[in-house]
Amino acid sequence: DINNKSKFKKILSLHKPIAIFNLAAETHVDRSIDGPAEFIKSNIVGVFNLLEVFKEFTKKDKKTKLIHISTDEVYGDVLKGRSKETDPYKPSSPYAASKASSDHLVYSYVRTYKLNAVITNCSNNYGPHQHKEKFIPTIIRSILKDQKIPIYGSGNNIRDWLYVIDHVQALDVVFHKGKMGETYNIGANNEVSNLDLVNLICNICLAKNIHKDPKKLISFIPDRLGHDKRYAINYDKLQNELQWSPVYDFHDSLSTTIDWYIKHKK
């Protein structure tokens, strides 16, 4: 719990890390709509507490780097083109607003206190071990259990999907090469509508003989409040300045992800 300042201080004092990756966050948009308070507590107040402890720690060791992991959702709807690091923030959900706030806090501490921190904004992640509340695990779990696959609205909302290992490798590059105070977008150019994604997963499951007719499970439900139509990330800066590019094939890594959930049904 990054709100636990005393415990966080002890961890830094004991281990003297060369880097801190702040992946601690409440992240599920639906839950932020139903109950924003936890998102404010973790994503804003938690980051404030982390920054305060980190500020004190770096008075002794200025080489330690903080990598703050954020989201493309801070940019809001992207109807044309792709979000660049210089684009204004227009968050649509309490979750996105809380992450936008945390980004601004981190940058303000860089500017005011000269903290050695970097911000990254990534597109939608997927892969093994992901929490069951997320969209791709929900699709897979529904097929495995022969239950309805819920799709918001018409299913035309578009997301850019980033495989978790590509993301981790990007974060490693940012740790080693990223410059203090800079923001780096992390994407994969895997733009697909929610409905097309469901159909793709259904086709993979059909080929694996997991279900005889998974597409019959597709069920359209009332749209999410404030649902953004499209997210798309421009990661030219990361590619050109730090020489990172995604390497994992979307179809192959989706298949690997499905295999993991089959093996870990419990």
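These questions and answers walk through some helices and loops of a predicted model.

Student: How far apart are the end C-alpha atoms of helix H7?

Tutor: Helix H7 covers residues 194-207, which is 14 residues. At 1.5 Å a residue, the helix should span 20 Å. The model agrees with this, because the end C-alpha atoms are apart by 20 Å.

Student: Within what arc do the buried residues of H7 fall?

Tutor: Start with the list: Asn194, Leu197, Val198, Ile201, Cys202, Ile204 and Cys205 are the buried residues of H7. Now look down the axis of H7. The buried residues line one face of the helix, because they fall within an arc of 165°.

Student: Which helices and strands do the buried residues of H7 pack against?

Tutor: Four strands take part: E5 (149-152), E6 (158-163), E8 (191-193) and E9 (218-221).

Student: What covers the buried residues of H9?

Tutor: First find them: Phe250, Ser253, Leu254, Ser255, Thr257, Ile258, Trp260 and Tyr261 are buried in H9. Their cover includes strand E4 (124-126), H5, E6, E8 and H7.

Student: At what angle do the axes of H1 and H3 cross?

Tutor: H1 is residues 5-15 and H3 is residues 37-57. H1 passes H3 in a right-handed crossing. Their axes come within 10 Å and cross at roughly 35°.

Student: How many residues in the contact of H1 with H3 are charged?

Tutor: From H1 come Lys5, Phe8, Lys9 and Leu12. They meet Asn49, Leu50, Glu52, Val53 and Phe57 in H3. Of the residues in this contact, 5 are nonpolar and 1 is polar, and the number charged is 3.

Student: Is Lys114 buried or exposed?

Tutor: Lys114 lies in the loop between helix H4 (94-113) and strand E3 (117-122). Its phi is positive, about 60°, although Lys114 is not a glycine. The cut-off for exposed is over 50%. Lys114 has 56% relative accessibility, so it counts as exposed.

Student: What does Asn189 count as, at 42% relative accessibility?

Tutor: Asn189 is in the loop between strand E7 (183-186) and E8. Its phi is also a positive value, near 60°, in a residue other than glycine. Buried needs under 20% and exposed needs over 50%. Asn189 is at 42%, so it counts as partly exposed.

Methods
Residues are numbered from 1 along each chain as its sequence is written. This is a predicted model: local features need pLDDT of at least 70, side-chain atom pairs count only at pLDDT 80 or more; totals for chains, interfaces and linings use all residues. Side-chain values use heavy atoms; hydrogens and water are left out. Helices (H or I, at least four residues) and strands (E, at least two) are DSSP runs, numbered from the N terminus. The expected span of a helix is 1.5 Å times one less than its number of residues. Buried means under 20% relative accessible area, exposed over 50%, partly exposed in between (1.4 Å probe, protein chains only). The arc is that of the directions from the helix axis to the C-beta atoms. Contact means heavy atoms within 4.5 Å. Axes are lines fitted to C-alpha atoms, for helices over the stretch in contact, and angles run from 0 to 180 degrees between N-to-C directions. A crossing is left-handed if the near helix is turned anticlockwise from the far one by less than a right angle, and right-handed if clockwise. Ala, Val, Leu, Ile, Met, Phe, Trp, Tyr, Cys and Pro count as nonpolar, Asp, Glu, Lys and Arg as charged, and the others, Gly among them, as polar.
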